[in-house]
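Dear colleague,

I am handing over the structure below, and after it I set out what was found. Please read the notes alongside the coordinates.

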Amino acid sequence: MNPVYVVDGARSPFLKSKNRPGPFAASDLATQAGRSLLIRQKFAPTELDEVILGCAAPSVDEVNIGRVAALRMGCGQKVPGWTVMRNCASGMQALDSGVSNILAGRSSLVLAGGVDALSRAPLLYGDKMVLWFSDMAAAKTPLQRISLFGKLPVKSLLAPVIGIMKGLTDPMVGLLMGQTAENLAHRFGITRRQMDEFSVNSHLKVVKAQEAGTLAPGGGEVEALYDAKGNAYSLDDGVRKDASLEGLGKLRPFFDRKYGNVTPGNSSQITDGAAWLILASESALKQFNLTPIGRIVDSQWAGLDPAQMGLGPVHAATPILKRHGLGLNDLDYWEINEAFAAQVLGCLAAWKDEKYCKEQLGLDGAMGALDENKLNVDGGAIALGHPVGASGARIVLHLIRTLKRKNAKRGMASICIGGGLGGAMLVEAV
């Protein structure tokens, strides 16, 4: 396979939802992060072959947000911009689509990434309220309109459907994503303390990375955002410097209030953010005199039971390891997106479980124990947040940056996907 290189990448800070619309629309996030990345390149934005953007929840006024962002970033009218959606892995799908087009010879230089502004997920009215509004619009006289107010379904008016909750509920099995995490905790005997310990470590790792400048502007990955009033947003703001087992222990289970252990504290945060990577063929490197930071070696998508969707990384990463004759610890670093602590711990447990590996993965025995010192070394989505469309691109970008920073060679980025899917990418530093 001809190599596909990663030339550079950048992302916005991930901004935690505060129960109201955040300061930036999704296209604002994508545009600012993209401009910061493109302005430091040796080529003009108009020299890109295409722009591909993953987004799980675009707003109705920017449904093809990839095209909107491309135009706003100054790529010009002739550069195609398009949008992909694979739930939590939409950003990784954008990268995979870019790789495919480069390998097919359709493109040589691609800007690909992901975005979501989940704080702006809409409130929706159910059919009863929609029908009332329809009748009101059809009313022809003032008397008919007054009469309809007497039939106003007040309960439906005051209880709209919360879009983000609807979106995080699997339509096939009827479970919230957090309930699928509870399933994994039950299956593998993962305790509340284990979940909370994992979550505290995620926060402490991010704090350390921010203080070291790795996850701060100037570190090569995070670029500050500026709102219309000139306010700067420079850091991921969901991280808790005071995270502790005692503090997390006070939080009540959310998804199974009677028997569960998954809480808001050991789950990823609802967040707004964007991430981009520049992909290039070998000919594009020569044409524009570009120096790559890494290359995408292989990728894999997998399907599994939607009620166990958190094990998607196991099902996607394992075939890549088999193709390349690798064990879990033959890689230098791993990024597994932290949708839930129970979900990541479930993946680690599945690889150690001989029965699971034989029956579900078709292996001769257990894969073994992944060295957790190689996993999410700068924290993950429990502390950073999980802007669904952006996370797949973020973990690939951060993994390559980590490999470069640590003078390491090879790593795997993997992500679980609502609906019972998994995605993984094997990357190398250059």
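**Pockets and a buried aspartate**

The lining of the largest pocket is made up of 25 nonpolar, 15 polar and five charged residues (Ala, Val, Leu, Ile, Met, Phe, Trp, Tyr, Cys and Pro count as nonpolar, Asp, Glu, Lys and Arg as charged, and the others, Gly among them, as polar). This is a predicted model, in which local features need pLDDT of at least 70 and side-chain atom pairs pLDDT 80 or more, while totals for chains, interfaces and linings use all residues. Residues are numbered from 1 along each chain as its sequence is written, and side-chain values use heavy atoms, with hydrogens and water left out.

The largest pocket holds about 1200 Å³ of space; a pocket here is an open set of points on a 1 Å grid over the protein atoms alone, where a 1.4 Å probe fits, with protein on both sides within 12 Å along at least five of seven lines, and lining residues have an atom within 4 Å of a point. A volume is the space filled by probe spheres set on the points, which are joined across faces, edges and corners. Helix 7 gives the most to this lining, with three residues (helices are DSSP runs of H or I, at least four residues, and strands runs of E, at least two, numbered from the N terminus).

The second largest pocket has about 620 Å³ of space, and among its 30 lining residues Ala 56, Ala 57, Leu 118, Ala 121 and Gly 167 are the closest to its centre.

Asp 236, in the loop between strand 9 (232-233) and helix 10, is buried at 2% relative accessible area (buried means under 20%, with a 1.4 Å probe and protein chains only). Its side chain makes a polar contact with the side chain of Arg 11 at 2.8 Å (a pair of N or O atoms within 3.5 Å, one able to donate a hydrogen and the other to accept it, where residues adjacent in sequence count only if both atoms are side-chain atoms).

Best regards

Key: Buried means under 20% relative accessible area, exposed over 50%, partly exposed in between (1.4 Å probe, protein chains only).
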